[in-house]
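I opened a new notebook for this structure. My plan is to look things up one at a time and write down what I find.

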Amino acid sequence: MKIKDLLNCAANVFMPQTCSVCGKPLDSDEKFICRHCMMDMPRTHYEDNDFNPFDQLMAGKVPIERCASYFFYQKNDPYASILHDLKYRNMPTLGRWLTERATHDMLPSHFFNGIDAIVPVPLHYTKLASRGYNQSQYLAQGIAKAIDRPVVKALKAIKEHSTQTHKDAAERLLNTQGMYAANDKRIKGLDGKHLLIVDDVVTTGSTLLACATALKNAIPNVKISLFTLAAAQLE
């Protein structure tokens, strides 16, 4: 056994890794989420449905090819802890692992067919400095690994916004207006390409709408699809 494996075994004895959903210790062949919680995950299956609730949320606002999310969450649901671990508990690699798995689960639907590059929703530099990482970047990396496509930082956050948590739909939309712009240094060669914008969660769609609008304004011929790890109950 390698030294690294021995150290990992020792660490698991004194500080066992636990499931992000139920909190139970993980078996040696489990990672981040136990198999029971993975089997019970409240999947949306949006990728299998034409004009699903996510599609409907974005309809008539900006041209979007298709939209999907991996699982549903509610504020006090155990699966919401995945988002908390990802964003606030310094576990961005959980996101990369889970989106890679999600992508493989969704491949039969052909949702990712034709995607040329993955674009993470950016963080403003002040929030990035505070958090230390952009969780959407890690989510994008998991998808990119699964479908062998590049991650392109085609967007930038040009102003900081206050938290969206306690805002209604109209307030969220106002809060995100003018917040994003195309990253001129990274969008060369993207004309006519199909880009997948990736974020952790969709609630009202205001953030994704602002990102898609910024890309469309800079690259009118670009095609855009949207993916989030989680979705509020949109029905």
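**Entry 1: a helix across the sheet.** I started with helix H5, residues 92-106. H5 lies across E1 and E6. I read its direction as about 120 degrees to E1. I then looked at helix H4, residues 80-88. H4 lies across E1, E5 and E6, and runs at about 110 degrees to E5.

Entry 2: The protein chain averages a pLDDT of 89, and 86% of the residues score at least 70. Over residues 4-12 the pLDDT is below 50. That stretch has four contacts in the model beyond near neighbours in sequence. Where pLDDT is low, the predicted coordinates should not be read in detail.

**Entry 3: the whole chain.** I looked up the secondary structure and found nine helices and six strands. The protein chain has 235 residues, and buried residues make up 50% of them. I also looked at contacts between residues at least 6 apart in sequence. Of these, 74% join residues at least 24 apart.

**Entry 4: the sheet.** In what order do the four strands of the open sheet stand? I read E1-E6-E5-E2, with parallel pairing. E1 (67-73) and E2 stand at the edges with a single partner strand each, so one side of each has no neighbour in the sheet. The twist averages 20 degrees from one strand to the next.

I then took the strand pairs. Strand E5 covers residues 194-202 and strand E6 covers residues 223-232. Eight bridges join E5 to E6, and the two run parallel. Leu195 stands opposite Ile224 in E6. On the other pair, four bridges join E2 to E5, again parallel. Val119 has Ile197 in E5 as its bridge partner.

**Entry 5: strand E2.** Is E2 covered or open on its faces? I found both faces covered. Ala117 and Val119 lie on one side, Ile118 and Pro120 on the other, and all four are buried.

Entry 6: I moved on to His124, in the loop between strand E2 (117-120) and helix H6 (125-131). Why does His124 count as buried? Its relative accessible area is 11%, and the cut-off for buried is under 20%. The His124 side chain makes a polar contact of 2.8 Å with the side chain of Thr126. Leaving out residues up to four places away in sequence, His124 touches Ala157, Ile158, Lys159 and Glu160.

**Entry 7: helix H7.** H7 has 13 residues and reaches 19 Å from its first C-alpha to its last. At 1.5 Å a residue, 18 Å is expected, so the two values are close. Ten of the 13 residues are buried, and I noted H7 as mostly covered. Among the buried ones are Leu139, Ala140, Gly142 and Ile143. What do the buried residues of H7 pack against? I listed H4, H5, E2, H6, E5 and E6.

At the start of H7, a side-chain oxygen of Asn134 reaches to within 3.0 Å of the backbone nitrogen of Ser136. Asp148 follows H7, and its phi is positive, near 55 degrees.

**Entry 8: Gln135.** Gln135 lies in helix H7, residues 135-147. Gln135 is buried, with a relative accessible area of 4%. I found two side-chain partners for polar contacts. Another, of 3.4 Å, joins Gln135 and Asp200. Beyond residues up to four places away in sequence, Gln135 touches Leu86, Lys87, Leu123 and Asp200.

**Entry 9: helix H9.** I ended with H9, residues 206-218. How far apart should its ends be? At 1.5 Å a residue, its 13 residues should span 18 Å. The end C-alpha atoms are 19 Å apart, which agrees. H9 is mostly covered, with ten of its 13 residues buried. The buried residues include Leu208, Leu209, Cys211, Leu215 and Lys216.

Note on methods: Residues numbered from 1 in each chain as written. Predicted model: local features only at pLDDT ≥ 70, side-chain atom pairs only at ≥ 80, totals over all residues. Heavy atoms only, no water. Buried < 20%, exposed > 50% of the residue type's maximum accessible area, 1.4 Å probe, protein only. Polar contact = N/O pair within 3.5 Å; in protein donor to acceptor, adjacent residues only side chain to side chain. Contact = heavy atoms within 4.5 Å. Pairing = 2+ DSSP bridges. Axes fitted to C-alpha atoms, helices over the stretch in contact; angles between N-to-C directions. pLDDT = per-residue confidence, 0-100.
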